[in-house]
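Subject: Structure for you to look at

Dear colleague,

Here is the structure I said I would pass on. My notes on it follow below.

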Amino acid sequence: MPNPDTTYAPSAEQAKAAHVDAKGYEEMYAASIADPDAFWAEQAKRIDWMKAPTKVSDVNFDLGSVNIKWFEDGTLNVAANCIDRHLAERGTQTAIIWEPDEATDEAQHITYQQLHAHVCKFANVLKEMGVGKGDRVVLYMPMIPQAAYAMLACARIGAIHSIVFAGFSADALGARIDACDAKVVITSDGAPRGGRVTNLKDNVNKALLNDFDTVKCLVVKRTGQQIAWRDGLDFWLHEMEENVSNDCPPEEMGAEDPLFILYTSGSTGQPKGVVHTTGGYLTYAAMTHEYTFDYHDGDIFWCTADVGWVTGHSYIVYGPLANGATTLMFEGVPTYPDAGRFWDVCQKHKVNQFYTAPTALRALMGQGNSFVEGYDLSDLKVLGTVGEPINPEAWNWYYNVVGKGKVPIVDTWWQTETGGHLMTPLPGATNLKPGSAQQPFFGIKPLVLEPTTAEVIEGNDVEGVLVIANSWPGQMRTVWGDHERFEKTYFSDYPGYYFTGDGCKRDADGDYWITGRVDDVINVSGHRMGTAEVESALVAHEKVAESAVVGYPHDIKGQGIYAYVTLMNGVEPSDELRKELETWVRTEIGPIAKPDLIQWAPGLPKTRSGKIMRRILRKIAEDDFGALGDTSTLAEPAVVDDLIENRMNRK
Ligand code: 6R9
């Protein structure tokens, strides 16, 4: 049981200045659990409703009738909440600071008024292209302000956006366009990142193989490079904008109308389209943004995620803008032009809250402190992390070198499915423990279950699987087009609870420590990857007969991808073939899925019923084969000796 000697208490000033101190958290949490509907009815007032809801929650977690509704009879518009309602008071305040890839290029400051004009025009362009309420629009964009305009434009007219991370390949993009039956794809000509440019429009053309003659594409000019063009189906945003008005009244949406779909990896098969709706999601994104980061009026907030991930949705766009914040959008990478870029940007824009991923911190930590030390980081008030457990070494570096031992760190645990933070320390309220997500957010009831019997484990100093016993407004509502899959994935293993897929410990003080996924999902640089996805990409190659993929500990990425590959009869293993398979997976899924290690496996360890024994493969990949556990059910024990002998990860 991790039990760090040092905890870090907030200073008296921090506790006083924060929205809640320790006592405030206890009281508010208790109230949120004692009468959730009263609590959330009050919280729903933080957003502007066209018609205020009279109902609060309508929730059923029973398999076969899973149903989740919040604020059901209320109506609202998300874009109006993120823009219009701020105009009177903060029209000239900066809504978005955009920091381009090249440090020498000028940053842009977009005020709320300007944001309003951009989004209205954008929305009218979409209408002009035939997009209406309920239609799906796929975004495949660099981190440019137009990505935020596009999201908000969809929200304004009631279209459902589905963002595909621009690092995904054309094939992965195509699968998602098909899965949600998108009417329009929004992209840019090129996407500069870390000094290199990806031609996004060409990827879109490849992705549209099945729908080449039907799906329209709206293109933002970013680089001005040569791109492939389909006359009559492709449109430049800047040209379309010349002919539309900048008046676009926001559509009145039901609280339970879908706001967006976001595809995420699961333990089996195809990515799932996680559906979030309008009223509950916005309430939850706004509230968590305010409390977790102790956001106050006038603060400059920076979340370094990409809008292609849920973190970018909730904490670059929807949460901060609903709160009238100034949110920073960064096009580049942490190490370009050098490992000081994050801190240069923090200094330049006087960032108050900074939110990033452990994998980025580990990479920067490895470059040495000199990249941090030259910068004035005195505006920082809160530091945050997300995406994977943060190891105490990285935590301490973040705390001492970046925060100079004065700035609280919030280690936020949540998921694409949860819409916003479910467990996190709160600045000013929590005695921080390096590596622990610590305590539930308001209204969240976590439970630890015994994995095989599903019994609730009471008390402290315990370990098991993590489930949530109740619903919250930001919870996903369904899997797009497959409600049965939604029920099966999240509500069937542990009936009556939302199953997170994570394991956890609850320590002697009652604080939670996330121990990682308990399903076949691995976490590479904070990004979820289903081992099944990588396996199906590998076996799609003509020379591959079979494959099994597992995670193994990786210094920078958290987990690396270890692939065991059995080749077709007669195919000889070689370094060239290894390269070929790496490139293959990159084009099938994207660079983030490229295996770090590929081991040629003449056979895979299987039970007599033919199930691959992943437990054994994980151990070998971890270079920990002394503890293989029970191998008595193996069909061919000799297979394991060969795999150990030729293992790729030797410490
Ligand atoms: C927001 C996001 C979700 C999975 C989740 C867990 C891991 C996220 C974490 C964390 C430990 C944290 N995870 N935050 N593990 N501590 N602070 O990352 O969403 O991409 O859906 O990933 O990431 O395993 O189940 P998503």
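Gln 415 sits in the loop between S20 and strand S21 (446-449); the model is a predicted one. With a relative accessible area of 5%, Gln 415 is buried. Setting aside neighbours within four places in sequence, Gln 415 is in contact with Val 310, Tyr 498, Thr 500, Asp 502, Arg 517 and Arg 528.

Two of those names, Asp 502 and Arg 528, come up again around the ligand, where they are listed among the closest residues together with Asp 411, Thr 412 and Thr 416. The shell holds 17 residues in total, which divide into six nonpolar, six polar and five charged. Helix H12 (310-322), strand S20 (409-412) and strand S25 (512-517) each supply at least two residues of that shell.

The ligand taken alone exposes 530 Å², of which the protein buries 96%.

Beyond four places in sequence, the contacts of Tyr 318 include Met 151, Leu 152, Ala 155, Leu 259, Phe 260, Tyr 281 and Leu 282. Val 78, Cys 82, His 161 and His 313 are also in contact with Tyr 318.

In helix H16 (residues 392-402), the buried residues are Ala 394, Trp 395, Trp 397, Tyr 398, Tyr 399, Val 401 and Val 402. They pack against helix H13 (341-349), strand S18 (353-356), helix H14 (358-365), helix H15 (370-373), strand S19 (382-386) and S20. Just after H16, Lys 404 takes a positive phi of about 50 degrees.

H14 is mostly covered, with six of its eight residues buried: Pro 358, Thr 359, Ala 360, Leu 361, Arg 362 and Leu 364. The cover over these residues includes H13, S18, S19, H16 and strand S29 (558-567).

Ser 547 is in strand S28 (residues 544-554). Why does Ser 547 count as buried? Its relative accessibility is 5%, and buried means under 20%. A polar atom of the Ser 547 side chain lies 3.5 Å from the backbone oxygen of Tyr 564. Apart from neighbours within four places in sequence, Ser 547 is in contact with Glu 535, Leu 538, Val 539, Tyr 564, Val 565, Leu 604 and Ile 612.

Gln 225 lies in the loop between strand S11 (216-220) and strand S12 (234-236). Its relative accessible area is 25%, so Gln 225 is partly exposed. Asp 189 is 36 residues from Gln 225 along the chain, yet their C-alpha atoms are separated by 6.6 Å. Leaving out neighbours within four places in sequence, Gln 225 is in contact with Asp 189, Gly 190, Val 197 and Asn 199. A polar atom of its side chain is 3.4 Å from the backbone nitrogen of Gly 190.

Lys 651 is in the segment after helix H21 (638-645). Is Lys 651 buried or exposed? At 77% relative accessibility, Lys 651 counts as exposed. Outside four places in sequence, Lys 651 is in contact with Glu 622 and Asp 623, and its side chain reaches the backbone oxygen of Glu 622 at 3.0 Å. Ser 57 is 594 residues from Lys 651 in sequence, and the two are 52 Å apart in space, C-alpha to C-alpha.

Best regards

Technical notes
Residues numbered from 1 in each chain as written. Predicted model: local features only at pLDDT ≥ 70, side-chain atom pairs only at ≥ 80, totals over all residues. Heavy atoms only, no water. Near = heavy atom within 4 Å. Areas by Shrake-Rupley, 256 points an atom, 1.4 Å probe, with all protein chains shown as cover. Helix = DSSP H or I, 4+ residues; strand = E, 2+ residues; numbered from the N terminus. Nonpolar A, V, L, I, M, F, W, Y, C, P; charged D, E, K, R; others polar. Contact = heavy atoms within 4.5 Å. Buried < 20%, exposed > 50% of the residue type's maximum accessible area, 1.4 Å probe, protein only. Polar contact = N/O pair within 3.5 Å; in protein donor to acceptor, adjacent residues only side chain to side chain.
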